Amino acid sequence: MSATASRVFPAALWVSAFRPFFLLGTLYAPLLMGAWLGAWSGWWNGPVGDMPAALWHGHEMVFGFSTAIILGIVLTALPSWAGTEEIHGPRLALIVAAWLAGRLAFWALPLLPAGIAAVADCLLFPLVFATVAPQLLRAANRLYLLLLPVLAAFFTANLAFHLSIGAGNPAFATLALHGGVYTILTLYVLKGGVLTPIFTGNALREKGRGEQAPFRMWLDVTAVGLVVALAALDLAGAPARWVGLAALACTVVHAWRVGRWQGWRVADVPLLLVMHLGFAWLILAFALKALAALTGLVSDTAWLHAFTVGSLGMMMLGLMTRVSLRHTGRPLALPSAMRLACALVFTAAIARLAMSMPEVRQAAITAAAVLWAGAFAIYLSRFGALLARPSLPRKGGGLNN
């Protein structure tokens, strides 16, 4: 690599997936939110031709921003948790290039043939699938193979979105976006439901406060199964009563599952508190979904924002901070700037729910957008430079990458 290229693309950036994906994702987040807020406020018509702002905003939040952060977390975690080899160097650069190509193709939709844009935007998930599948097939723990249908579901939802847009069917495109959200939700319950109790158990033992609650496989399977059932019923257009009962079952089972983790006993550990607050927002999201379907007292979109802004936002910031600190060789302590970022996301989620009150709707949406974008801008300002630098030496030698 030339000296110029090394300055633009430092070698450390390609050591692990969290580095380029967290950097690009948090660069993209405020830009995307600013574009959407401008279109929603009527300051401009939006960047994707005649596509409604809600659709291009939703697509890029799911398949652009969220995908970058999710891939950064998952691909970094697999070597430690599943025993796979690190994806780095040219292979990582190729995956990142596919993500970038998808973003460029999506924003160029008015200028490109729809088919070319769709192919460019849909390449990422098959590429990731082809990269990790051979490794996961060799992994000792077969449960990690569940990542493969998740990747397939992401691809299917994204492809369905593009086909719907090409056919002039915005209603089905919205359904495809909901399919993408449910895919994220399923992965959240699967992986977050493993990491959170393990990290909590470690802290409980370190502080002499007891042991981690034992895993109950039947409870975890039930929790995931209910989410899949809710997704199937909702996406298939089942009667509202069925959807509401499934959401109510999710509320009860997930509250039970999360309660067993004893998060209140580690509330003085900020990195863990953030993750448990993420699950609290998840339970609220299920409750709002049930309330909307069974009574109609709240909007059916309220649960989506409780999950995507509150639950997912909190969990992303918590895991991004943990991964960035641990894998650059720094102590696992939530920096004060990130405490502010987490508070901003929490407040943004509350503001987003307040949009149902007509008298504060515009102010609530504007505040939520600004606060949410500000939170990820804070992460970028705090960690952006560290992502492109080599890790600090571990105690005892070596690098924690």
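Angles under 35 degrees count as roughly parallel, over 145 as roughly antiparallel, 65 to 115 as roughly perpendicular, and the rest as oblique. The close-ups below are taken from a predicted model.

**View 1. Helices α8 and α11 pack at an angle of about 140°.** Helix α8 covers residues 170–206 and helix α11 covers residues 270–295. Their axes lie 10 Å apart. The two helices are therefore oblique to each other. The crossing in which α8 passes α11 is left-handed.

**View 2. Residues in the contact between α8 and α11.** From α8 come Tyr182, Leu185, Tyr188, Val189, Gly192, Gly193, Leu195, Thr196, Phe199, Thr200 and Ala203. From α11 come Leu272, Met275, His276, Gly278, Phe279, Leu282, Phe286 and Lys289. By type, the residues of this contact are 12 nonpolar, 6 polar and 1 charged.

**View 3. Phe65 and Trp372 in the largest nonpolar core.** This core has 139 residues, and Phe65 and Trp372 touch the most other members. With neighbours within four places in sequence left aside, Trp372 is in contact with Ala29, Met33, Met61, Phe65, Val309, Val345 and Ala348.

**View 4. Gln262 in the loop between α10 and α11.** Helix α10 spans residues 240–259. Most residues other than glycine have a negative phi. In Gln262, a residue other than glycine, phi is positive, near 60°. The relative accessibility of Gln262 is 16%, so Gln262 counts as buried, the limit for buried being under 20%.

How values were computed
Residues numbered from 1 in each chain as written. Predicted model: local features only at pLDDT ≥ 70, side-chain atom pairs only at ≥ 80, totals over all residues. Heavy atoms only, no water. Axes fitted to C-alpha atoms, helices over the stretch in contact; angles between N-to-C directions. Helix = DSSP H or I, 4+ residues; strand = E, 2+ residues; numbered from the N terminus. Left-handed = near helix turned anticlockwise from the far one by under 90°. Contact = heavy atoms within 4.5 Å. Nonpolar A, V, L, I, M, F, W, Y, C, P; charged D, E, K, R; others polar. Core = buried A, V, L, I, M, F, W, Y, C linked by side-chain atoms within 4.5 Å. Buried < 20%, exposed > 50% of the residue type's maximum accessible area, 1.4 Å probe, protein only.
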